Amino acid sequence: MSSLTQVSPAGNGGKDGPKATPASNFIRQIIDADNASGKHAGKVVTRFPPEPNGYLHIGHAKSICLNFGLANDYGGVCHLRFDDTNPVKEDVEYEESIKEMVEWLGFSFEKNLYYASDYFDKLYEFAQYFIERGLAYVDSQSADEIRANRGTLTEPGTNSPFRDRSAEENLCLFDEMKRGLHADGSQILRLKLDMASPNINLRDPAIYRIRHTEHHRTGNTWCVYPMYDYTHSISDAIERITHSLCTLEFEAHRPLYDWVLAQLVDAGKLPSPSPQQIEFSRLNLSYTVMSKRKLLELVETGLVNGWDDPRMMTLAGLRRRGFTPGSIRLFAERVGVSKAHQWIDMADLERALRDDLDASAKRAMAVLDPVRVVIENYPDGEFEECSAKVNPHDDAAGVRSFKFAREVFIEREDFMENPVKGFFRLVPGGEVRLRHGFIIKCERIEKDAAGNATTIFASYDPATKSGSGGRNVKGAIHWVAKIDGIQAEVRLYDRLFNVENPDSGEGDYKTYLNPHSLKTVTAWLEPSLANAKADVSYQFERNGYFTADRVDSKPGALVFNRAVTLKDGWKP
RNA sequence: AGGGGAGUCGCCAAGUGGUAAGGCACCGGAUUUUGAUUCCGGUAUACGUAGGUUCGAUCCCUUCCUCCCCUGCCA
């Protein structure tokens, strides 16, 4: 079924690039079964429902790709709904950022943007209905008393002394709460379910609390705000969501979700069939932390440079680092979805980026750790034009050119004075090809007091220009000529933590921060990079994938971020 | 006996009564002016454990083990 409606496996971004084949999974099976039975008349409506209280991270990306991807594959729609029911934590700033990132990932929600706060009137009216039916009551106990009376995991709770207030009294009290006659925390509206339920979520859950706080969208219209379980189920039903996907920790909330909807459907206040809540496991990534609290702490304590620090697993950070939307969609597809707890290695995310970029990224040469090479048999002051394909996989991308001259830079690690076995780059007396240029031979070197090469004196073979069809040698290394090279700051990133799971280890996760997660160097770049823009990925040949930093890079003062290195199969 | 979930290759993940898909990683080999890419080939007598049912079990039943979630007026 799904294979017939399959459009773009890795999401609906529509961009070219590697795709993982969408695997069968338990959610697709449920949808297929619903489609077969005609439950939702073949419709698939999902939703991504963030609370606008923080920035999106790679874990959210999994959910976004899942919800939008499924809707897309089944010819349905996915709503972006802000779950903005708690004004003390939320802000428009977060809302804007979330919208920007969902779009960046390649998903569209123009016609499908919703707010839980748009349902406040209806939610209030339904709450009155629950009160009238004797299914909800205003509890005047303090938060502490309520907690004490909730019981424990193994002991039942005890009924509130206010549990049997009349519907009239409850209606009156609830109205007073709404009108602002009661202080925060002094009264609360609870569903009247079962204080002895083995499922604690069913022990008269709170559904409306008093918050004399301005809401970023409804202003001061309200001072009572509905809570998650109550709001979410109703919002899903109002929007005619068919499949409501959430993470595993909400499994125990499903009975409540179903109960609330069942009452309202029975009363003819909500349509049938109700949406089905389906839970899947969260994404855990090694060598990083994902909780909002820790991300916030890293930012606030200055351990990283903001929410979009390229070392952060926030979508803003990943974008700035140079990750592409396609790579994240590919990653989400590869990781799959199930109810088993998944621990994914950072390397898998990096792999997805390489796979996405290899086919499309422009190439350029850049020397990150330069050592000077003087080609003694090349006349000083002269130069020769060399060229190379912008993308070897795509002739249409054209060619770039750069000069070969007497003085060039090569990567320090591409030269070894005393080579180990198997090293086939430049060595004393040996030859190597300057990629896209000529074969050179190391004649002698000049060293500093510490024994490091400061200048390599070489000769070149004029008959070996790239493309001339002449002889060749085993090694080919990248280089940049001083005459037309440009210098730029390059930021080299490594994982933020040096242990696989900084979260659950003993002690403070901050003690596991990798002190070398950022290294800044001044590199020599080939001239074609002079106009590099953020959002355009380059492969620095033999080095990795880099992108101009979207905030710090300026024409004439370029700053590049290394998103990921190239795979390095060389083992000494 | 509090309730609810999960355990299939190093990491993910299909299969769900008929004799273990796929991806990533890894190991070979070919091509290569990126030690990249690409391409070929290899990689679970095995599905947490112990029993049972069956001609036959990863799939059904039972036992046990391990891990995760739930005692917010957060979502």
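This is a predicted model: local features need pLDDT of at least 70, side-chain atom pairs count only at pLDDT 80 or more; totals for chains, interfaces and linings use all residues.
Two or more lining residues are contributed by each of strand E1 (45-48), helix H3 (58-73), helix H8 (228-238), strand E8 (243-247) and strand E10 (283-285). Helix H3 supplies the largest share of the lining, with 4 residues. By residue class, the lining of the largest pocket consists of 17 nonpolar, 15 polar and 11 charged residues.

A further element of the model is an open sheet of 7 strands with mixed pairing, in which the strands follow the order E12-E25-E26-E27-E23-E24-E13. The edge positions are taken by strand E12 (362-364) and strand E13 (366-367); each has a single partner strand, so one side of each is left without a neighbour in the sheet. Helix H13 (residues 346-358) packs on this sheet and touches E12, strand E25 (537-540), E26 and E27. The direction of H13 makes about 110° with that of E27.

Within the sheet, strand E26 (residues 544-548) pairs with strand E27 (residues 559-565) in the antiparallel sense, over 5 bridges. In this pairing, Thr 547 is placed opposite Asn 561 of E27, and Ala 548 stands opposite Phe 560 of E27. Strand E26 is also joined to E25, by 4 bridges, and these two strands likewise run antiparallel. Here Tyr 538 faces Phe 546 of E26 as its opposite residue. The hairpin formed by E25 and E26 has 3 residues between the strands, and in this hairpin Arg 542 adopts a positive phi near 70°. Strand E26 is mostly covered, with 5 of its 5 residues buried, the criterion being a relative accessible area under 20%.

How values were computed. Residues are numbered from 1 along each chain as its sequence is written. Chains are lettered from A and ligands numbered from 1 in the order in which they are written. Side-chain values use heavy atoms; hydrogens and water are left out. Two strands pair if DSSP finds at least two bridges between them. Contact means heavy atoms within 4.5 Å. Axes are lines fitted to C-alpha atoms, for helices over the stretch in contact, and angles run from 0 to 180 degrees between N-to-C directions. Ala, Val, Leu, Ile, Met, Phe, Trp, Tyr, Cys and Pro count as nonpolar, Asp, Glu, Lys and Arg as charged, and the others, Gly among them, as polar. Buried means under 20% relative accessible area, exposed over 50%, partly exposed in between (1.4 Å probe, protein chains only).
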